[in-house]
Amino acid sequence: MTHILRIDASSRPGPDAATSEASFSRGLADEVQKQLERTLDQVSLTKRDLVEAPIPHIANQTIAGFYTPADQMTAELAWATAPSDALIDEVEKADFLLISCPIYNFGVPSAMKAWIDHVVRVGRTFAYENGEFRGLLENKRAMVVYSYGAPGYSDDGPLSSYDFMRPYLTMILNFIGIANVQDFVLEGTTGDPQDVAAAQADVSKQIEAYFARGAV
């Protein structure tokens, strides 16, 4: 049994919504999910919608709990770190992470940053030993669907230096031990409808080709 953890970060709803409100990243993640379910023999799925069920930002007590030994945890600190425990448990149980993420103001949405702040945790998802960091969540894979309102972020395009989303999220996944990260990128979602449809179709073909190669 292969377990998939799907994480959606767009503030917009899925592709079943009105066209003007639909999330491009969620829609393409649906395609990736279907391909995973079709390719793998037995699949179980956990969905984590960061907008439908918002994650609280970490607080002072949360940080204190992160650095408190287990035998010294108080009820208050245990309560403060409970969201982090639950989110990390989800990641630990997953074989695949499927993430959909749009760019907001050149970076990840705040909903995704809240998830990151709870999941990147010393002693649980990374270690610091002898002056070096080491990710603890090995033997997992991630597939990330990115969407950008303007074109030109990828392949050393004119906006590549403005992209603080894809390099950051890739680094975070690598940092916690997930080295195998496959990206699918859609750009220009605020452009002419015909151009947007063509770009969507191109990414859909890339997804199909990826799975046709037997890469999973």
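This is a predicted model: local features need pLDDT of at least 70, side-chain atom pairs count only at pLDDT 80 or more; totals for chains, interfaces and linings use all residues.
Let me start with a definition. Ala, Val, Leu, Ile, Met, Phe, Trp, Tyr, Cys and Pro count as nonpolar; Asp, Glu, Lys and Arg count as charged; the others, Gly among them, count as polar.

How many residues line the largest pocket? There are 22. R12, A22, F24, T189 and T190 lie nearest its centre. Two elements each give two or more residues to this lining: α1, residues 24-39, and α6, residues 193-212. The largest share comes from α6, with four residues.

Now use the classes. The lining of the largest pocket has 11 nonpolar residues, 10 polar ones and one charged one.

Next, salt bridges. Searching the whole structure turns up 12 of them.

Start with R6 and D8. Their closest N and O atoms are 3.1 Å apart. Are these two residues buried or exposed? The cut-off for buried is under 20% relative accessible area. R6 has 3%, so R6 is buried. D8 has 6%, so D8 is buried too. This pair also belongs to a network: R6, D8, R26, D30 and D49 are linked by salt bridges.

Where do they sit in the chain? D85 is in helix α3, residues 75-93. R121 is in the loop between α4 (110-119) and β4 (126-129). They are 36 residues apart, so the pair links distant parts of the chain. D85 has a relative accessible area of 24%, which means partly exposed. R121 has 8%, which means buried.

D89 is in helix α3, and R124 is in the loop between α4 and β4. How accessible are D89 and R124? D89 is at 32%, so D89 counts as partly exposed. R124 is at 23%, so R124 is partly exposed as well.

To recap. The largest pocket takes its biggest share of lining from α6. R6 and D8 form a salt bridge. Thanks, that is my part.

Conventions
Residues are numbered from 1 along each chain as its sequence is written. Side-chain values use heavy atoms; hydrogens and water are left out. On a 1 Å grid over the protein atoms alone, a cavity is a set of points where a 1.4 Å probe fits but cannot get out, and a pocket is an open set with protein on both sides within 12 Å along at least five of seven lines; lining residues have an atom within 4 Å of a point. A salt bridge is a side-chain nitrogen of Lys or Arg within 4 Å of a carboxyl oxygen of Asp or Glu. Buried means under 20% relative accessible area, exposed over 50%, partly exposed in between (1.4 Å probe, protein chains only).
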